[in-house]
Amino acid sequence: MEYQDFINAVATRAKVPEDQAAILTRATLQTLADRISAGQAENLAYQLPDGLDDHLRKPPPHRRDEHATSFGLEEFVRRVGDRQDVDRALAGAGVGAVLSTLREAVTRDQFEDAVAQLPKEFRQVLEPVGPGGGQRPGS
C-alpha cells in the first residue's frame with residue numbers, strides 16, 4: 001500500500017479531510033509505537049511506505065528500551081488526542097480508522113502479533129473483515 005492510499009483509506013473511514021487523516025495517522029502510529037514493543041513496531045514499520053514508517057521507528061525520548069508502556073484503549077485514544085495538531089473530537093474515530101487501515105497494509109501475522117500486545121478491547125475499534133479480505137497473507 002502506498003502512502004496516499006493509506007491516508008485516503010483513513011480519511012474515508014474516519015470521514016475527515018486528507019490533511020486531518022494524515023495527522024490522525026501520525027498520532028495513532030506514534031502512540032502505537034509507545035504501546036507495543038520496539039521490535040514489533042519496527043516489524044510493522046518495515047512493511048509501511050515512506051512517510052508512515054518513521055512514525056513507528058522514532059522512539060520517544062523517554063523510551064530507550066524494548067519494553068512497551070501498558071495502557072488501555074481509552075488512554076490510547078486520549079494520548080492520540082493530546083498529540084500536536086490532533087482534533088480531540090476525532091481521535092476515537094481516527095484510531096479505529098488507522099488501525100483498520102494498518103491491518104490492510106501489513107501481513108496478517110505482523111498485525112496479529114502487534115494486536116496480541118494490546119488489550120482485547122482494541123479489537124472493538126477495528127472494522128470487521130469480510131471473508132478472505134482486508135489483509136495480506138502472513139509471511
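Biologist: What separates Arg78 and Asp82 in helix H5?

Modeller: About one helical turn, because they sit 4 residues apart in H5 (residues 73-82). Helices here are DSSP runs of H or I, at least four residues, numbered from the N terminus. An α-helix has 3.6 residues a turn, so residues three or four places apart point the same way. Keep in mind that this is a predicted model, where local features need pLDDT of at least 70 and side-chain atom pairs need 80 or more, while totals for chains, interfaces and linings use all residues. Residues are numbered from 1 along each chain as its sequence is written, and side-chain values use heavy atoms, without hydrogens or water.

Biologist: What makes the meeting of Arg78 and Asp82 a salt bridge?

Modeller: Their N to O distance is 2.2 Å. The label asks for a side-chain nitrogen of Lys or Arg within 4 Å of a carboxyl oxygen of Asp or Glu, so the pair qualifies. Asp82 also bridges to Arg88, with the closest N and O atoms 2.9 Å apart. Shared partners join Glu75, Arg78, Arg79, Asp82 and Arg88 into one network.

Biologist: Why is Arg88 called exposed, and what is Arg78 called?

Modeller: The relative accessible area decides: under 20% is buried, over 50% is exposed, and in between is partly exposed (1.4 Å probe, protein chains only). Arg88 has 60%, so it is exposed. Arg78, at 41%, is partly exposed, and so is Asp82 at 38%.

Biologist: How many salt bridges does the whole structure have, and which residue does Arg13 pair with?

Modeller: The search finds 9. Arg13 pairs with Glu104, their closest N and O atoms being 2.4 Å apart. That pair links distant parts of the chain, Arg13 in H1 (residues 3-14) and Glu104 in H6, 91 residues apart. Arg13 has a relative accessible area of 18%, so it counts as buried, whereas Glu104, at 27%, is partly exposed.

Biologist: How do you know whether Thr25 is buried or exposed?

Modeller: Its relative accessible area is 1%, so Thr25 is buried. Thr25 belongs to helix H2 (residues 18-35). Contact means heavy atoms within 4.5 Å, and beyond its neighbours within four places in sequence, Thr25 is in contact with Phe6, Ile7, Val10, Leu52 and Val98.

Biologist: How do H5 and H6 lie relative to each other?

Modeller: Roughly perpendicular. Their angle is about 105 degrees, with the axes 9 Å apart. Axes are lines fitted to C-alpha atoms, for helices over the stretch in contact, and angles run from 0 to 180 degrees between N-to-C directions. Phe76, Val77, Val80 and Gly81 of H5 meet Ala91, Gly92 and Val95 of H6.

Biologist: Which residues touch the most other members of the largest nonpolar core?

Modeller: Phe6, Leu32, Leu44, Leu48, Leu56 and Leu102, out of 38. H6 gives the most to this core, 7 residues. To belong to such a core, a residue must be a buried Ala, Val, Leu, Ile, Met, Phe, Trp, Tyr or Cys, joined to others through side-chain atoms within 4.5 Å.

How values were computed. Helix = DSSP H or I, 4+ residues; strand = E, 2+ residues; numbered from the N terminus. Parallel < 35°, antiparallel > 145°, perpendicular 65-115°, else oblique.
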